[in-house]
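Dear colleague,

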Amino acid sequence: MFVRIVVGIIAVILLTGAGFAYHLTSSVAEERQAFNGVVQQWVKDRTTITEIESIDEYRGKESYAVVLGKNQAGTQVVAWLTDKTAAFDTMERAVPRKNVEEAVLKNFPNAEIRHIVPGLDNEKRFWEVTLKDQNGRFHYLHYDLFSGALLASYALSPTS
């Protein structure tokens, strides 16, 4: 009898946990879909992008939706969008993302790259790389979008 009660309690706890995890996952997915829908409408209304390759977020001094894609002429472009602003650039002169990844992995060979996104702060355009090194520290690196030069580097140590 006691075993049945314990097993029943454990089953209720597991089912409650699974339900909470499902609810959390589905609400995050719904928020992401809503964000993508809003950004797609901004792209349609305020840009010349005809083919969206990716939608991401950059969170710096100001948060932007970052859209990589191609314009009507087939040129690779990037757009940084908010509900009120839009900034654009072509990716023809930009250092390719692959080159940034290679440079990061050369300098941090055992690191795990978590995120690479074109960033924009005060009209400076750069690649922002977020990585986690072998010691658990998170690094935020800014590489100039056009020259590839390292502009800034921030490291956060893990808390114990």
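Glutamate 57 is placed in strand β1, where strands (E, at least two residues) and helices (H or I, at least four residues) are DSSP runs numbered from the N terminus. The model is a predicted one, in which local features need pLDDT of at least 70 and side-chain atom pairs count only at pLDDT 80 or more, while totals for chains, interfaces and linings use all residues. Residues are numbered from 1 along each chain as its sequence is written, and side-chain values use heavy atoms, with hydrogens and water left out.

With a relative accessibility of 25%, glutamate 57 counts as partly exposed, a class that lies between buried (under 20% relative accessible area) and exposed (over 50%), computed with a 1.4 Å probe on protein chains only. Its side chain makes a polar contact of 2.8 Å with the side chain of arginine 59; a polar contact is a pair of N or O atoms within 3.5 Å, of which, within protein, one must be able to donate a hydrogen and the other to accept it, and residues adjacent in sequence count only if both atoms are side-chain atoms. Although glutamate 57 and valine 117 are 60 residues apart in sequence, their C-alpha atoms are 7.5 Å apart in space.

Threonine 47 lies in the loop between α1 (2-46) and β1 (49-59) and is buried, with a relative accessible area of 14%. Its side chain reaches the backbone oxygen of valine 43 at 2.7 Å, and a polar atom of that threonine 47 side chain lies 3.1 Å from the backbone nitrogen of isoleucine 49. Apart from neighbours within four places in sequence, threonine 47 is in contact (heavy atoms within 4.5 Å) with Trp42, Ala79, Leu81 and Phe88.

Histidine 139, in strand β7 (residues 138-144), is likewise buried, at a relative accessible area of 8%. A polar contact of 2.8 Å joins its side chain to that of aspartate 133, and, not counting residues up to four places away in sequence, the residues that histidine 139 touches include Phe108, Val129 and Tyr154.

Most residues other than glycine have a negative phi. Asparagine 122, however, has a positive phi of about 50 degrees, and phi of glutamate 123 is near 70 degrees. Asparagine 122 is exposed at 62% relative accessible area, and glutamate 123 is exposed at 62% relative accessibility.

Asparagine 122 also belongs to the lining of the largest pocket, together with Lys61, Asp121, Lys124, Phe126, His142, Leu151, Ala152 and Tyr154. On a 1 Å grid over the protein atoms alone, a pocket is an open set of points where a 1.4 Å probe fits, with protein on both sides within 12 Å along at least five of seven lines, and lining residues have an atom within 4 Å of a point. The volume of this pocket is about 170 Å³. Strands β6 (124-132) and β8 (150-156) each supply at least two lining residues, and β8 gives the largest share, 3 residues.

With kind regards

Methods: Points joined across faces, edges and corners; volume = space filled by probe spheres on them.
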